[in-house]
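Q: I am new to this structure and would like a guided look at it. Could we begin with the terms and then go through the details?

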Amino acid sequence: MGTYESKANVGHTVESLDVLQKVPTGIKGFDEITVGGLPRGRTTLVCGSAGSGKTLFALEFLVRGAIDHGEPGVFVAFEETAVELTQSVASLGFDLDDLVARKMLAIDYVHVERSEILETGDYDLNGLFVRLEYAISSVGAKRVVIDSLETLFSALGNEGILRSEFRRLFRWLKDRGVTAIITGERGDGTLTRHGIEEYVSDCVILLEQRVHERVATRYLRVVKYRGTMHGTNEYPFLIHAGGISVVPVTSLGLTHPASDERMSTGVPRLDAMLGGKGIYRGSSVLISGTPGTGKSSLAAHVANSACRRGERCLYFAFEESQGQFVRNMRSIGLDLKPWLDQGRLQFHASRPTLFGLEMHLANMHRLIEAFDPSVVVVDPVTNFAMVATNHEVRAMLMRLVDFLKSRGITAVFTSLTAGGGALEETDVGISSLMDTWLLVQFLEGSGERNRGLYVLKSRGMMHSNQVREFHMGAHGIDLLDVYVGPAGVLTGTARQAQEAKERAEAITRQQEMDRKQRDLARKRAQLEAQILALRAEFEAEEQEVLANLDQDKRRELNLSRDREQMARLRQADPSRQQNGGSAG
Amino acid sequence: MTSPLDGISRDVTSEIWELRLYVAGQTRKSLLALGNLRRLCEEHLAGKYHIEIVDLLQHPQLAEGDQILAIPTLVRRLPEPIRKIIGDLSNTERVLVGLDIRPH
């Protein structure tokens with residue numbers, strides 16, 4: 001049973017009986033567009049012009065039903081014999097003989113040739129009913145395909161009988177409870193040449209093939225689907241080795257989970273610019289730049305670091321072959337060969353013009369689903385403009401990004417921007433789909449071109465606003481600081497010259513400072529010496545003064561002693577002499 | 001347009017006509033067709049014909065062999081080539097043309 005039914009039952013347990021039940025076709029992408037598949041127990045008309053894939057669509061519905069859903073089927077073929085049918089789908093991996101042998105499929109080839117048949121009066125198509133009934137009961141069929149009923153209009157002449165019999169047939173199929181597909185050839189201005197869409201009221205699907213720029217693309221559209229929501233757009237589809245793949249335009253909503261995990265880009269300095277931890281896992285990264293700026297090399301670093309962590313990486317190259325790419329990366333020190341040998345890196349190189357845009361997209365889907373990588377590189381996306389308009393490329397990228405995000409795969413896209421133009425402008429269309437946008441640009445000056453890398457945006461993280469010089473050497477990519485000064489941004493030799501000049505100036509400045517310091521020390525020493533000399537001089541003077549004072553004192557003492565002696569000699573009154581001495 | 005020589009080149013009298021009528025149950029159309037066929041054979045092929053009636057409701061697997069789609073279908077198995085006539089055989093003129101029987 002399809003997932004749709006269980007989902008519907010969860011939400012509407014009471015109404016579940018009234019809700020239109022659906023049968024998964026098993027055709028990739030189709031069940032998503034129709035939210036479950038074809039209406040159960042009803043007849044669906046699949047119409048389209050010759051070669052649009054009607055028969056294959058119907059047949060895959062039966063094959064998938066038999067193999068994946070255990071529902072046997074009946075194929076009533078008006079145009080091809082069982083043998084022809086079996087042969088034509090063997091290349092798609094459908095083994096009809098095996099299904100027939102296992103009673104999961106009955107093929108009834110109905111051959112009608114107008115020249116062999118003569119009409120003589122009233123008839124009905126009971127023979128067809130009998131055969132259908134017989135085939136259905138022989139395998140217990142739940143699914144029926146009639147391809148294509150309209151052949152009868154050319155084989156039998158009586159349109160009145162045919163129309164009433166067709167009406168009876170559709171009612172009969174409904175009563176039998178089988179889910180049926182009938183195919184019809186596209187008519188002029190009508191869905192089918194004989195207007196049998198008027199009998200089919202439940203579901204009508206239109207297949208078309210259109211050519212743009214000489215590249216053919218198949219489209220599928222659900223014209224009508226009564227009683228249910230469905231995608232109304234034209235969905236591209238392709239027929240490949242595994243059957244039909246319809247590519248839903250978007251994943252029908254922005255519901256993918258966002259990872260908090262960060263992963264390295266393989267360039268440490270770039271990780272540092274991206275908030276120090278690199279890009280978010282499952283995010284989309286756009287690397288844009290003019291030719292030769294190293295976009296592929298940068299992408300290869302991301303791939304290399306993923307492989308080194310033991311993850312798988314799928315690389316879609318639209319400019320270089322695998323051999324050329326491996327050789328070129330080796331020249332900058334990246335050896336991708338071991339990863340290729342170990343199966344961690346898968347390389348798919350093709351020219352964009354090989355087939356249409358949708359084919360590319362469906363092809364990528366298929367390879368991604370088969371390889372289940374953690375990192376996908378598309379190098380470059382701009383080449384798709386060769387096979388489609390910018391609008392189509394943008395729509396395709398949106399679908400690819402949505403698909404990758406829903407699977408948590410980190411995507412790296414490179415984008416070639418035309419030289420000379422406004423670089424950022426040309427990428428605006430696709431940049432809005434991207435979480436991280438790196439721009440690698442040539443910075444010209446003083447006779448050389450050097451690469452500068454900017455982080456134009458990076459959602460959900462603090463990122464550097466600085467320009468870094470993007471240098472590719474023998475050991476991979478390195479990011480260097482650029483010189484930003486009054487003379488502008490300097491890179492390469494100009495930066496080196498500027499740096500040398502700055503170094504010289506710095507040395508001169510240092511020397512000057514040293515000299516000044518030495519001067520100061522000397523001055524201080526001089527001053528201190530002077531101070532010492534002055535102090536010595538002062539001290540000498542002081543001693544001299546003190547010595548003189550002492551002499552004076554002693555002389556004074558001698559004088560007074562002399563006076564006393566003289567007084568004693570004159571025999572003067574000692575007390576009076578004493579008083580007079582103290583007063584004097 | 002048939003040339004006068006056609007009647008001569010075919011020796012009607014020496015052949016056995018093997019006719020098979022496919023029906024699906026006893027419907028009005030089937031009975032009508034069978035009645036028309038018997039009358040026609042008696043008129044033009046008396047004693048030289050053999051009619052087999054196949055009811056697909058009982059033998060549905062037989063429908064594939066003669067590529068039967070419309071009911072009723074009359075198949076002229078012999079003389080060769082095989083010819084198919086569908087309908088209730090009410091248009092005698094067309095049945096005779098279809099079976100390639102010259103009216104006497």
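A: Helices (H or I, at least four residues) and strands (E, at least two) are DSSP runs, numbered from the N terminus. The model is predicted, so local features need pLDDT of at least 70 and side-chain atom pairs count only at pLDDT 80 or more, while totals for chains, interfaces and linings use all residues. Residues are numbered from 1 along each chain as its sequence is written, chains are lettered from A and ligands numbered from 1 in the order in which they are written, and side-chain values use heavy atoms, with hydrogens and water left out.

Q: Which residue takes a positive phi just after α14(A)?
A: That residue is A:Gly408, with a phi of about 70 degrees.

Q: What span should helix α14 of chain A have?
A: The helix covers residues 390–406, and its 17 residues should span 24 Å at 1.5 Å a residue. The expected span is 1.5 Å times one less than the number of residues. The end C-alpha atoms are 24 Å apart, which agrees.

Q: Which residues of α14(A) are buried?
A: Buried means under 20% relative accessible area, exposed over 50%, and partly exposed in between (1.4 Å probe, protein chains only). Among the buried residues of α14(A) are A:Val393, A:Met396, A:Arg399, A:Asp402 and A:Lys405.

Q: And how much of chain A is buried?
A: Buried residues make up 48% of its 584 residues. Chain A has 18 helices and 25 strands.

Q: Let us turn to A:His301. Where does it lie?
A: A:His301 lies in helix α10 of chain A, residues 295–308. A:His301 is buried, with a relative accessible area of 5%.

Q: Which backbone atoms lie by its side chain?
A: The backbone oxygen of A:Ser297 is 2.9 Å from a polar atom of the A:His301 side chain. The backbone nitrogen of A:Ile477 is 3.2 Å from a polar atom of that side chain.

Q: What else does A:His301 touch?
A: Contact means heavy atoms within 4.5 Å. Not counting residues up to four places away in sequence, A:His301 touches residues including A:Thr265, A:Val267, A:Ile332, A:Leu334 and A:Gly476.

Q: What is the partner of A:Arg131?
A: A:Arg131 forms a salt bridge with A:Asp108, and the closest N and O atoms are 2.9 Å apart. A:Arg131 lies in helix α6 (residues 126–139) and A:Asp108 in strand β5 (residues 105–109) of chain A, so the pair ties together parts that are 23 residues apart in sequence.

Q: Are those two residues buried or exposed?
A: A:Arg131 counts as buried at 2% relative accessibility, and A:Asp108 counts as buried at 7%.

Q: What about A:Glu311?
A: A:Glu311 forms a salt bridge with A:Arg309, the closest N and O atoms being 3.1 Å apart. A:Glu311 is buried at 15% relative accessible area, whereas A:Arg309 is partly exposed at 35%.

Q: Which residues of chain B meet in a salt bridge?
A: The side chains of B:Glu43 and B:Arg39 do so, at 4.0 Å from N to O. They are 4 residues apart in helix α2 of chain B (residues 28–44), separated by about one helical turn. Salt bridges that share partners also join A:Asp122, A:Asp124, B:Arg28 and B:Lys29 into one network.

Terms used:
A polar contact is a pair of N or O atoms within 3.5 Å; within protein, one must be able to donate a hydrogen and the other to accept it, and residues adjacent in sequence count only if both atoms are side-chain atoms.
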